[in-house]
Amino acid sequence: HPLTMIAKKTGNILAQVYNDINPTTHKTPQKAILLICGFVGLNLLYYLISEGSFFVFMLENTDTWDFYSVLYFLPLIFLPGTIYYFYKRSPVGWTMLTIWLTYIVSSTVYALLFELTLPAPVGYGDDSGILHLLNDVSPRRSLSYYSFALLIFGGMLYYINTKPVKKLFS
(Lines give C-alpha, C1' and ligand atoms only; values in the text may rest on other atoms or scores of the structure.)
Protein backbone atom coordinates (compact mmCIF):
# COMPACT_ATOMS: atom_id res chain seq x y z
CA HIS A 1 0.00 0.00 0.00
CA PRO A 2 1.42 3.46 -0.89
CA LEU A 3 0.60 5.05 2.47
CA THR A 4 2.42 2.28 4.32
CA MET A 5 5.50 2.82 2.14
CA ILE A 6 5.41 6.56 2.80
CA ALA A 7 5.03 5.96 6.54
CA LYS A 8 7.98 3.55 6.55
CA LYS A 9 10.14 5.93 4.54
CA THR A 10 9.22 8.85 6.80
CA GLY A 11 9.93 6.71 9.86
CA ASN A 12 13.33 5.74 8.48
CA ILE A 13 14.22 9.36 7.76
CA LEU A 14 13.11 10.48 11.22
CA ALA A 15 15.04 7.63 12.84
CA GLN A 16 18.18 8.65 10.93
CA VAL A 17 17.76 12.31 11.97
CA TYR A 18 17.25 11.23 15.58
CA ASN A 19 20.33 9.02 15.35
CA ASP A 20 22.38 11.91 13.99
CA ILE A 21 21.37 14.43 16.68
CA ASN A 22 21.23 12.02 19.63
CA PRO A 23 24.36 12.72 21.71
CA THR A 24 24.52 9.17 23.09
CA THR A 25 25.13 7.51 19.72
CA HIS A 26 28.63 7.09 18.33
CA LYS A 27 29.49 10.03 16.13
CA THR A 28 32.20 10.35 13.56
CA PRO A 29 33.76 13.72 12.80
CA GLN A 30 32.27 13.48 9.30
CA LYS A 31 28.73 13.33 10.71
CA ALA A 32 29.49 16.18 13.08
CA ILE A 33 30.80 18.29 10.19
CA LEU A 34 27.55 17.70 8.34
CA LEU A 35 25.51 18.66 11.42
CA ILE A 36 27.58 21.80 12.01
CA CYS A 37 27.17 22.83 8.36
CA GLY A 38 23.42 22.28 8.67
CA PHE A 39 23.22 24.28 11.88
CA VAL A 40 25.23 27.19 10.45
CA GLY A 41 23.06 27.05 7.32
CA LEU A 42 19.91 27.23 9.44
CA ASN A 43 21.44 30.11 11.36
CA LEU A 44 22.06 31.96 8.07
CA LEU A 45 18.51 31.22 6.93
CA TYR A 46 17.13 32.57 10.22
CA TYR A 47 19.26 35.70 9.77
CA LEU A 48 17.85 36.22 6.28
CA ILE A 49 14.25 35.70 7.39
CA SER A 50 14.43 37.79 10.56
CA GLU A 51 16.30 40.63 8.84
CA GLY A 52 14.44 40.35 5.54
CA SER A 53 12.65 43.71 5.57
CA PHE A 54 15.78 45.58 6.65
CA PHE A 55 17.74 43.67 4.00
CA VAL A 56 15.36 44.94 1.29
CA PHE A 57 15.53 48.45 2.77
CA MET A 58 19.33 48.40 2.63
CA LEU A 59 19.32 47.25 -1.00
CA GLU A 60 16.87 49.99 -1.97
CA ASN A 61 19.01 52.71 -0.36
CA THR A 62 22.52 51.96 -1.59
CA ASP A 63 23.29 55.65 -2.01
CA THR A 64 23.38 56.14 1.77
CA TRP A 65 25.73 53.24 2.53
CA ASP A 66 28.75 53.61 4.76
CA PHE A 67 31.22 51.19 6.36
CA TYR A 68 28.62 49.85 8.80
CA SER A 69 26.29 49.04 5.92
CA VAL A 70 28.96 46.80 4.45
CA LEU A 71 29.34 45.10 7.86
CA TYR A 72 25.62 44.33 7.78
CA PHE A 73 26.07 42.24 4.63
CA LEU A 74 29.21 40.49 5.83
CA PRO A 75 27.44 37.39 7.23
CA LEU A 76 25.57 37.01 3.94
CA ILE A 77 28.88 36.84 2.11
CA PHE A 78 31.01 35.10 4.74
CA LEU A 79 28.75 32.28 5.94
CA PRO A 80 27.91 30.60 2.60
CA GLY A 81 31.63 30.36 1.83
CA THR A 82 32.29 29.09 5.33
CA ILE A 83 29.66 26.37 4.99
CA TYR A 84 30.92 25.32 1.56
CA TYR A 85 34.62 25.15 2.46
CA PHE A 86 33.97 23.53 5.85
CA TYR A 87 31.79 20.87 4.21
CA LYS A 88 34.53 20.22 1.63
CA ARG A 89 36.97 19.82 4.57
CA SER A 90 39.18 22.65 3.42
CA PRO A 91 41.48 24.32 5.98
CA VAL A 92 40.06 27.63 4.77
CA GLY A 93 36.58 26.52 5.85
CA TRP A 94 37.85 25.43 9.26
CA THR A 95 39.59 28.80 9.73
CA MET A 96 36.53 30.75 8.61
CA LEU A 97 34.24 28.81 10.94
CA THR A 98 36.68 29.23 13.83
CA ILE A 99 36.74 33.00 13.23
CA TRP A 100 32.95 33.20 13.04
CA LEU A 101 32.37 31.07 16.16
CA THR A 102 35.00 33.03 18.09
CA TYR A 103 33.23 36.24 17.10
CA ILE A 104 29.83 34.87 18.18
CA VAL A 105 31.12 33.56 21.52
CA SER A 106 33.04 36.74 22.35
CA SER A 107 30.06 38.92 21.35
CA THR A 108 27.78 36.84 23.56
CA VAL A 109 30.15 37.14 26.52
CA TYR A 110 30.44 40.91 25.97
CA ALA A 111 26.65 41.30 25.71
CA LEU A 112 26.16 39.25 28.88
CA LEU A 113 28.70 41.30 30.81
CA PHE A 114 27.19 44.52 29.50
CA GLU A 115 23.72 43.42 30.50
CA LEU A 116 24.88 42.38 33.98
CA THR A 117 26.40 45.81 34.58
CA LEU A 118 23.26 47.72 33.55
CA PRO A 119 21.25 49.21 36.38
CA ALA A 120 17.95 47.62 37.29
CA PRO A 121 15.12 48.40 34.89
CA VAL A 122 13.35 51.59 35.77
CA GLY A 123 10.05 53.10 34.88
CA TYR A 124 7.96 49.98 35.15
CA GLY A 125 5.89 51.54 37.93
CA ASP A 126 5.12 54.60 35.83
CA ASP A 127 4.90 55.02 32.08
CA SER A 128 6.74 58.31 31.89
CA GLY A 129 10.32 59.31 31.32
CA ILE A 130 13.08 58.59 28.86
CA LEU A 131 14.40 55.62 30.84
CA HIS A 132 11.10 53.82 30.39
CA LEU A 133 11.40 54.33 26.64
CA LEU A 134 14.94 52.97 26.70
CA ASN A 135 13.73 49.83 28.44
CA ASP A 136 11.11 49.35 25.73
CA VAL A 137 13.58 49.91 22.88
CA SER A 138 16.27 47.66 24.31
CA PRO A 139 14.62 44.88 26.31
CA ARG A 140 16.78 42.66 28.45
CA ARG A 141 17.44 39.06 27.62
CA SER A 142 17.41 36.33 30.20
CA LEU A 143 20.47 34.55 31.52
CA SER A 144 19.21 31.35 29.89
CA TYR A 145 19.44 33.01 26.44
CA TYR A 146 23.13 33.76 26.95
CA SER A 147 23.79 30.37 28.56
CA PHE A 148 22.18 28.56 25.65
CA ALA A 149 24.09 30.61 23.04
CA LEU A 150 27.38 30.02 24.85
CA LEU A 151 26.64 26.32 25.20
CA ILE A 152 25.82 25.85 21.50
CA PHE A 153 28.41 28.11 19.88
CA GLY A 154 31.10 27.52 22.48
CA GLY A 155 30.53 23.78 22.17
CA MET A 156 30.90 23.93 18.41
CA LEU A 157 34.07 26.03 18.75
CA TYR A 158 35.51 23.55 21.23
CA TYR A 159 34.55 20.57 19.06
CA ILE A 160 36.07 21.84 15.82
CA ASN A 161 39.32 22.43 17.70
CA THR A 162 39.63 18.82 18.89
CA LYS A 163 42.35 16.60 17.42
CA PRO A 164 40.10 14.30 15.35
CA VAL A 165 38.43 17.24 13.61
CA LYS A 166 41.66 19.19 13.13
CA LYS A 167 43.20 16.07 11.60
CA LEU A 168 40.50 16.05 8.91
CA PHE A 169 41.38 19.62 7.93
CA SER A 170 45.17 19.29 7.80
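## Starting at Thr98

Leaving aside residues up to four places away in sequence, Thr98 touches Leu157, Ile160 and Asn161. This comes from a predicted model, so please read every value here as computed from that model.

Thr98 sits in helix α5, which covers residues 91-117. Is Thr98 buried or exposed? Its relative accessible area is 15%, and because the cut-off for buried is under 20%, Thr98 counts as buried.

## How α5 meets α7

Two of the residues that Thr98 touches, Leu157 and Ile160, fall in helix α7, which spans residues 143-160. The axes of α5 and α7 are 9 Å apart, and the two helices pack at an angle of about 155°. Angles over 145 degrees count as roughly antiparallel, so α5 is roughly antiparallel to α7.

The crossing of α5 past α7 is left-handed. What kinds of residues make up the contact of α5 with α7? They divide into 17 nonpolar, 4 polar and 1 charged.

## How α3 meets α4

Helix α3 runs over residues 52-60 and helix α4 over residues 67-87. Their axes come within 11 Å and cross at roughly 125°. That angle makes α3 oblique to α4, and the crossing of this pair is left-handed.

Which residues make the contact? From α3 come Phe54, Phe55, Met58 and Leu59, while α4 supplies Ser69, Tyr72, Phe73 and Leu76. By type, the residues of this contact divide into 7 nonpolar and 1 polar, with no charged residue. Ser69 is the polar one.

## The whole protein

Stepping back, how many helices and strands does the protein have? There are 8 helices and 0 strands, and the pattern read along the sequence is α-α-α-α-α-α-α-α. The two pairs described above, α3 with α4 and α5 with α7, belong to this set.

The protein has 170 residues, and buried residues make up 26% of them; Thr98 is one of the buried residues. As for contacts between residues at least 6 apart in sequence, 61% join residues at least 24 apart.

Note on methods
Residues are numbered from 1 along each chain as its sequence is written. This is a predicted model: local features need pLDDT of at least 70, side-chain atom pairs count only at pLDDT 80 or more; totals for chains, interfaces and linings use all residues. Side-chain values use heavy atoms; hydrogens and water are left out. Axes are lines fitted to C-alpha atoms, for helices over the stretch in contact, and angles run from 0 to 180 degrees between N-to-C directions. Helices (H or I, at least four residues) and strands (E, at least two) are DSSP runs, numbered from the N terminus. Angles under 35 degrees count as roughly parallel, over 145 as roughly antiparallel, 65 to 115 as roughly perpendicular and the rest as oblique. A crossing is left-handed if the near helix is turned anticlockwise from the far one by less than a right angle, and right-handed if clockwise. Contact means heavy atoms within 4.5 Å. Buried means under 20% relative accessible area, exposed over 50%, partly exposed in between (1.4 Å probe, protein chains only).
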